[in-house]
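Thanks for coming. I will go through one model this morning, strand by strand, so please keep the picture open.

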Amino acid sequence: MNIKARVYVTLKKSVFDPQGKTIADALLSVGYAGVADVRQGKFFDVSLEADSPEAARASLEEMAHKVLANPVIESYEIEVDG
Amino acid sequence: MSARSVGVVVFPGSNCDHDTEYALSSVCGAIVRMVWHRERDLAGLEAIVVPGGFAHGDYLRTGAIARYSPVMTSVQEFAAQGGPVLGICNGFQILQEAGLLPGAMLRNQHVQFLSQPVSIRVERNDTSASAGLEVGQELTIPIAHGDGNFYLPDGELDRLEANGQVVFRYAGDSADANPNGSARRIAGVCNRERNVVGLMPHPERAAEDALGSSDGRFILDAFLAWRAA
């Protein structure tokens, strides 16, 4: 079956995010005084063939760990559509 | 001593490969073979340099795609046999992604691409790229990178220091001395076996006085002279 999934990759909470900090500073300078913090990241929409959503998730876990994220600095979350 | 045969790995997007080839051959006297990233045969080569640039465009992450190029399996085998491997800038990032060197690079602390000379201090002289140098010696060599902010969690940094794997540190006291914000001012590291070294500064861009500094030769000459114990 064809499965659609989304993999979110962000810097680990313990890792300083220079881009997020710069974006937060920019939002403040535009006038959004309530902004306390910004963490930026990226996501990957992946369409794949798999026997089941569970199999797709297992495969995506491996992809995220090996390729899409660098486990030294990044963490990831996977959403698999029904 | 006969001239060393050195391989310079070339990825789509490498852009320091020819400077590195020139510095190693014309300046330092090595015999250089350019090794396309799809090649697997490193026979006859005594040392490998992974040069700087933007391998595979650095799409996804710096070094993340390059690390799965066919040549990297051979480079890993070469390193496992004790062969000397030097990663410069993007080459360093590729070796990190490949698991040959510790740590990862974050975006520079001020989110700017930095291209400027820096001063680095030699911390270890028992690695393939620093043997024969003096500990404490300072070298002026340019950096040119957007992601050179060396990161490891504190506990792992302690272990790195205890293992003597910090080879070069950004030197000096000015606010600008550690421009990318690297943890513990780390500019270069080695693996535990000391045959694989990576550094963010570009020794090939400081290999002749005409370039403003010839300090890079200390590193390139050390690398070419190194023999596994």
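I begin with one pair of residues: B:Gly7 stands opposite B:Ile48 in strand 3 of chain B. This is a predicted model, where local features need pLDDT of at least 70, side-chain atom pairs count only at pLDDT 80 or more, and totals for chains, interfaces and linings use all residues. Residues are numbered from 1 along each chain as its sequence is written, while chains are lettered from A and ligands numbered from 1 in the order in which they are written.

A word on terms. Helices (H or I, at least four residues) and strands (E, at least two) are DSSP runs, numbered from the N terminus. Two strands pair if DSSP finds at least two bridges between them.

Back to that pair. Strand 1 and strand 3 of chain B run parallel and are joined by three bridges. On strand 2 (residues 31-36) of chain B, strand 1 has a parallel pairing over six bridges. There, B:Val6 stands opposite B:Val32. Between these two strands the chain passes through helix 1 of chain B, and this β-α-β crossover is right-handed. Right-handed means that, with the strands pointing away from the viewer, the path from the first strand over the helix to the second runs clockwise.

Is strand 1 of chain B mostly covered or mostly open? Mostly covered: five of the six residues in strand 1 (residues 5-10) are buried. A residue is buried if 20 or more other C-beta atoms lie within 10 Å of its own, exposed if 12 or fewer, and partly exposed in between, with C-beta atoms placed from the backbone.

B:Val6, which lies in strand 1 of chain B, is an example. Why does B:Val6 count as buried? Because B:Val6 has 25 C-beta neighbours inside 10 Å. Leaving out residues up to four places away in sequence, B:Val6 touches several residues, including B:Leu24, B:Ala30, B:Leu45 and B:Val49. Contact here means that the C-beta atoms of two residues, placed from the backbone, lie within 7 Å. B:Val6 and B:Pro84 are 78 residues apart in sequence, yet 9.8 Å apart in space, C-alpha to C-alpha.

Now the whole sheet. In chain B, nine strands form an open sheet with mixed pairing, in the order 2-1-3-4-11-10-9-6-7. Strand 2 and strand 7 of chain B are at the edges with a single partner strand each, so one side of each has no neighbour in the sheet. On average, neighbouring strands of this sheet are turned by 25° against each other, direction ignored. Axes are lines fitted to C-alpha atoms, for helices over the stretch in contact, and angles run from 0 to 180 degrees between N-to-C directions.

Further along the order, strand 6 (residues 114-122) and strand 9 (residues 166-170) of chain B run antiparallel, joined by three bridges. B:Ile120 has B:Tyr170 as its bridge partner in strand 9 of chain B. Helix 2 of chain B packs on the sheet, and its direction makes about 130° with that of strand 4 of chain B.

Which elements does helix 5 of chain B pack against? Its buried residues pack against helix 1 (17-27), strand 3 (47-50), strand 4 (85-88) and strand 7 (138-145) of chain B. Nine of the 10 residues of helix 5 (residues 216-225) are buried, so this helix is largely enclosed by the rest of the structure.

Two loop residues deserve a note. B:His56 has a positive phi of about 55° although it is not a glycine, and B:Leu60 has one of about 75°, also without being a glycine. B:His56 lies in the loop between strand 3 and helix 2 (70-80) of chain B, and B:Leu60 is placed in the loop between strand 3 and helix 2 of chain B. B:His56 is buried because it has 21 C-beta neighbours inside 10 Å, whereas B:Leu60, with 17 other C-beta atoms within 10 Å, is partly exposed.

Next, chain A. Chain A has an open sheet of three strands in the order 2-1-3, with antiparallel pairing. Its edge strands are strand 2 (41-49) and strand 3 (74-80) of chain A. Strand 1 (residues 2-11) and strand 3 of chain A pair over seven bridges, with A:Val9 opposite A:Tyr76.

Last, the contact between the chains: 12 residues come from chain B and 10 residues from chain A. For the complex, the predictor gives an ipTM of 0.88 and a pTM of 0.94.
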